[in-house]
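These are my notebook entries on one chain, written while I had the sequence and the model open side by side.

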Amino acid sequence: MADRVTIREIADRAGVSIATVSRVMNGRGDVSDETRELVSRIIRENGYTANRSARGLSAGRTGLAGVLVPLVYPAYFAGILAGAAEALSEQGLQIVLSPTGGEHEREVSLLDRLHGLTDGALIILPEESNEELARLLDDGYRFVVIDPLMPLDERIPSVSAAHTSGADQAMRHLLALGHRRIAIITGPHGWVATEDRRRGYHAALAAAGILPDPELEVESNFEIDGGEQAANLLLDLPEPPTAIFAFNDNHAIGTLRAARSRGLRVPEDLSVVGFDDVEHATIVTPMLTTVRQPLAEMGRTAVSLLTRLIERQSFEALHVELATRLVVRQSTGPPPG
């Protein structure tokens, strides 16, 4: 029986979660002494640690999983990493964190090294082309893409958020408040998130019988300064919008800055909606109405897919899209007048 024991069985026998067992094994301090002693005793009795190593060696596995991410600090990436790291720990896999800086050549080089070093990888917003990722797949490396930058080959496993649905929810909220002149600040042209959210924007306008106005669509990077610059362009129009739907929370915060510098009140003079629902959304004044992406759950779901790939298990879907949800706070209201 000891040879077949798993981390899930240890958790079941101790009456705790897999995450708690993982915390005990990793020496984390956020576990009570009583629970730590119980879990440790069950682990000792079942020889879990030694047997886990033997299983890994016999299967030719390293017990390591790579995670490639453009940047570690921004709250968006941190949210995904938090979910992925916890799930990897639960699976007994150690994380090899590899920031890429969003540089294509660096990402390719890191993947080459991880291919021989790890059992598989999570790739967040990959810079590689479909052809490069497909070759990696053909070489036998197991990986899952989180939040694809560009449309992916159907063979490439991926986890993303429901961008179009989220944009539709944001637009329906603004339309229900009475707004008709609604602008958008988009991300870079061609990105999956940009085009899916733009699609939701146009669909909502069409459903309300409103023709799109190209003047009300401004492209920007996903940074606060870029959002502020884009918002200033929109607010300088002869007939400025009464609401701005920003394609991420950074854009929305930049829009709040632009409005404040002009003496405009939010939401009395201008309504603002963001996308992501990162921590900053509740720190700014007024707190942002925004579309929540399930960032931690995206990370956890990607780990679930990856472990199944590593263990050569079958599963129904290679592409998972998680639901988004509008969170209404203080930055939206009826149009002025």
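**Entry 1: terms and ground rules.** Before looking up any partner I noted that two strands pair if DSSP finds at least two bridges between them. Helices (H or I, at least four residues) and strands (E, at least two) are DSSP runs, numbered from the N terminus. The model is a predicted one, in which local features need pLDDT of at least 70, side-chain atom pairs count only at pLDDT 80 or more, and totals for chains, interfaces and linings use all residues. Residues are numbered from 1 along each chain as its sequence is written, and side-chain values use heavy atoms, with hydrogens and water left out.

**Entry 2: the chain as a whole.** I counted 12 helices and 12 strands in the secondary structure of the chain. Along its principal axes the C-alpha trace spans about 75 × 50 × 30 Å. Of the 337 residues, 50% count as buried, where buried means under 20% relative accessible area, exposed over 50%, and partly exposed in between (1.4 Å probe, protein chains only).

Entry 3: In what order do the 6 strands of the open sheet with parallel pairing stand? I read the order as 2-1-3-4-5-11. Strand 2 and strand 11 (319-322) stand at the edges with a single partner strand each, so one side of each is left without a neighbour in the sheet. Neighbouring strands of this sheet are turned by 20° against each other on average, direction ignored; for such angles, axes are lines fitted to C-alpha atoms, for helices over the stretch in contact, and angles run from 0 to 180 degrees between N-to-C directions.

I then followed strand 3 (residues 120-124) to its partners. With strand 1 (residues 64-69) strand 3 pairs in the parallel sense over 4 bridges, and the bridge partner of V67 in strand 3 is L122. With strand 4 (residues 143-146) the pairing is again parallel, over 4 bridges, and here A121 has F143 as its bridge partner. Strand 3, helix 7 (residues 130-138) and strand 4 make a right-handed β-α-β unit; a crossover is right-handed if, with the strands pointing away from the viewer, the path from the first strand over the helix to the second runs clockwise.

Is strand 3 mostly covered or mostly open? I found 5 of its 5 residues buried, with G120, L122 and I124 on one side and A121 and I123 on the other.

Entry 4: Another open sheet of 6 strands has the order 7-6-8-9-10-12, and its pairing is mixed. Its edges are strand 7 (217-219) and strand 12 (325-327), each with a single partner strand, so one side of each is left without a neighbour in the sheet. The twist here averages 20° from one strand to the next.

Why do I call strand 9 (residues 271-276) largely enclosed by the rest of the structure? I call it that because 6 of its 6 residues are buried. Strand 9 pairs with strand 8 (residues 243-246) in the parallel sense over 3 bridges, and F245 has V273 as its bridge partner. Together with helix 11 (residues 249-261), strands 8 and 9 make a right-handed β-α-β unit. On to strand 10 (residues 289-292), I found 4 bridges from strand 9, the two running parallel, and V273 stands opposite T289. Strand 10 and strand 12, by contrast, pair in the antiparallel sense over 3 bridges, with T290 opposite V327.

Entry 5: I looked up I95, which has its place in strand 2 (residues 94-99) and counts as partly exposed at 36% relative accessibility. With V72 and L97, I95 forms a nonpolar patch on the surface, with about 210 Å² of accessible area together. Patches are made of residues with over 30% relative accessible area and no salt bridge, like charges being joined within 9 Å and nonpolar side chains (Val, Leu, Ile, Met, Phe, Trp, Tyr) within 5 Å. A salt bridge is a side-chain nitrogen of Lys or Arg within 4 Å of a carboxyl oxygen of Asp or Glu, and the areas come from the Shrake-Rupley method with a 1.4 Å probe, only the protein chains shown counting as cover for residues.

G116 and Y76 are 40 residues apart in sequence and 29 Å apart in space, C-alpha to C-alpha.
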